[in-house]
Amino acid sequence: MKPKGKKWWDYLWLWGGLGISLVWLWMQAVTIFPDPIGAMPRPIPAASEIRGVWITNVASGVLFSPWGINRALRQLSALNFNTVYPVVWNRGHTFYPSKVAQKVTGREQEPMLKFMRWGGDVLEEIIKVGHRRNLRVIPWFEYGFMAPKNSPLARRHPEWISQPLNREKKPAGNKLEPELNFSQVKIPDFIRDRLIRQQVWLNPFHPEVQQFILDLILEVVRRYDVDGIQIDDHFGLPVELGYDSFTVELYRREHGGKNPPYDPRDEEWMFWRSQKINAFMQKIFTSVKAINPECLISLSPNSYEFSYNKYLQDWLTWVNRGWVEELLLQVYRDDAKSFEAELAQTAVQIAAQKIPVGVGILTGTLTHPVRVEQVQEQVQLVRDRQFNGVSFFYWETLWSYLTPDAPGQRRQVFKQLFSPPKSGT
Amino acid sequence: MAERAKVTIMKISLKQIGGNFWWHWFLGTMGAFFLSLLLIEVGEKPDLGVGYGLIGGAVIGLAQSWVLKEYIAHSWRWMWMSVIAWGLVGGSSVGVVGWITPAGEAIVFRAIYGALHGAAFGIWMGVAQWFALRHNINRAWRWPWILALCWSVGLGLGWTFGGVLRLLTGMFLGELVGLTIAWLAVASLTGIALNRLLSDAKKTAGN
């Protein structure tokens, strides 16, 4: 039985408390939920220094949680970041509702994203919130020609998959790339094969593959108010591949009936394949510019030598021909010496004379946490060498519970890194 | 005197104390802690101030006073005292205990510092909550000392495990697991203690 005859102060305790709590919760809520939408100016371009971050779906909840985008972009803007590279193409799925993907893969967008966002459009939200907060939004076609073996895309189009000479031998993985898929964790092969996605590569020489990738890119450029598009190190082909029947036939047609060499590293054979990718890159550039001349073409490759020798990605030619307008070199190294050595490479120096060149810095992965002091040091090295900025891989490891340091402490460091210099100092 | 007698009569008519109380208390406290993580980002002492103390105190205090409303009169005072006390510690050198972690990595230091820090915070919070308990239980002055013991054990354990996990994984997430361990210990121990105190109060009131 409840006590009867409450005094007026009982009600004061109760309702006063609830009132003040609600005010506090509201004050918190405005930082979690969207700001009221208002007419805001266009984002300021990354004039002096690129301060970017990649936003991915792997080992990250930012795209999936209802308040993730707002929270992330608010924090980035507050700390003077100016660019985000949100993933739009990963593991054979798009991260926006895509008619092109629907037609080819049978799925409009990544199923988990569709479920968590109730079929909404996360890219649209990123652009809207990002521009309101003066952030450039450059959608990132992360997976390029790569796709999981069991993805609907690969299953529906086996004729699109490129093959090695010896089909038992899988192409070597990219050791320079930060792993988000636990592939550095030592587990037996038979478990690994079942747990971890095996990747295949779409044949970049196949006209239908080219049309599909081009359609995806142009769909984004046409439909969204993007500041650019970005492709990365997966926009190429592992050097071991290219022995599928389509490519062999194409090679024979252009070489008087001669088969491709058995050695995948044969100089002419590598050159021939890279030239085909170059031609496709040119097509992307001209097609994008025909739709929106202001749309920036950004590239985020590995070092040139590695890119060409392992992935037939001749990005220096792309830079020289003007098909790439911003380059973010991935330099995911822990020790300062090898980090500096990557920055000193000739191809990077040549690119830096032609277009803005920034450096991709690793802030950590699930299996490889990075201390904030290392990030600080690498940003300084980049600035000392007069590059045009930095971009961090990836959002979740900028400041979160997945980092070695307390999130608040890391934010302080980024705040200092990107604070405008005080006048008079 | 008349007010006090009235409260004693109310106590007798309130719900029987028992095993259910512990479960409600434990689940309420842990649920509130997990809910608070949506509003509060765990960090080191300087990262969290008065505001976060008020939010944490409100979320935990609200859940606990909701559980207590069946067992004590004027249970909303519990929430208020929690809000005020956590807000004040948030602004002090103690920090928002329950959501902060020590900066050092030495495990022995963490165990000792956690135990001492927990005890100091427990006394402080216990005194605040005493205002809500004093008319509901006998010898309510015991509560600050009990709470000091509970937080001493909880924070000592939590910060120690948190430090070990952070070292092993290289991630701050380890600290979050450590704090969860601290809250598990505090919720369990305070549930047992309150169950006992409220049972004693009922027996006395029944005599």
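## A helix and what follows it

Helices here are DSSP runs of at least four residues, numbered from the N terminus. With that in hand, take a look at chain A of this predicted model: just after helix H11(A), A:Leu312 has a positive phi of about 55°.

H11 itself covers residues 304-311 of chain A, and its buried residues are A:Tyr304, A:Ser307, A:Tyr308, A:Lys310 and A:Tyr311. What do they pack against?

In soluble globular proteins, nonpolar side chains tend to be buried together. The largest nonpolar core in this model has 99 residues, and those touching the most other members are A:Val53, A:Ile55, A:Val84, A:Val88, A:Ile217, A:Ile229 and A:Val359. The top contributor is helix H8 of chain A (residues 207-223), which puts in seven residues.

Let's zoom in on A:Val359. Setting aside neighbours within four places in sequence, A:Val359 is in contact with A:Leu328, A:Leu329, A:Val331, A:Leu343, A:Val382, A:Phe387 and A:Val390. There's also a second, separate core, made of 61 residues; among them are B:Trp151, B:Ala185, B:Val186 and B:Leu197.

## A helix pair in chain B

Over in chain B, helix H5 (residues 107-133) and helix H6 (residues 142-169) cross at roughly 145°, with their axes coming within 6 Å. This crossing of H5(B) and H6(B) is right-handed. Sorted by class, the residues in the contact between H5(B) and H6(B) are 21 nonpolar, 12 polar and one charged.

Key
Residues numbered from 1 in each chain as written. Chains lettered and ligands numbered in written order. Predicted model: local features only at pLDDT ≥ 70, side-chain atom pairs only at ≥ 80, totals over all residues. Core = buried A, V, L, I, M, F, W, Y, C linked by C-beta atoms within 7 Å. Buried ≥ 20, exposed ≤ 12 C-beta atoms within 10 Å, placed from the backbone. Helix = DSSP H or I, 4+ residues; strand = E, 2+ residues; numbered from the N terminus. Contact = placed C-beta atoms within 7 Å. Axes fitted to C-alpha atoms, helices over the stretch in contact; angles between N-to-C directions. Left-handed = near helix turned anticlockwise from the far one by under 90°. Nonpolar A, V, L, I, M, F, W, Y, C, P; charged D, E, K, R; others polar.
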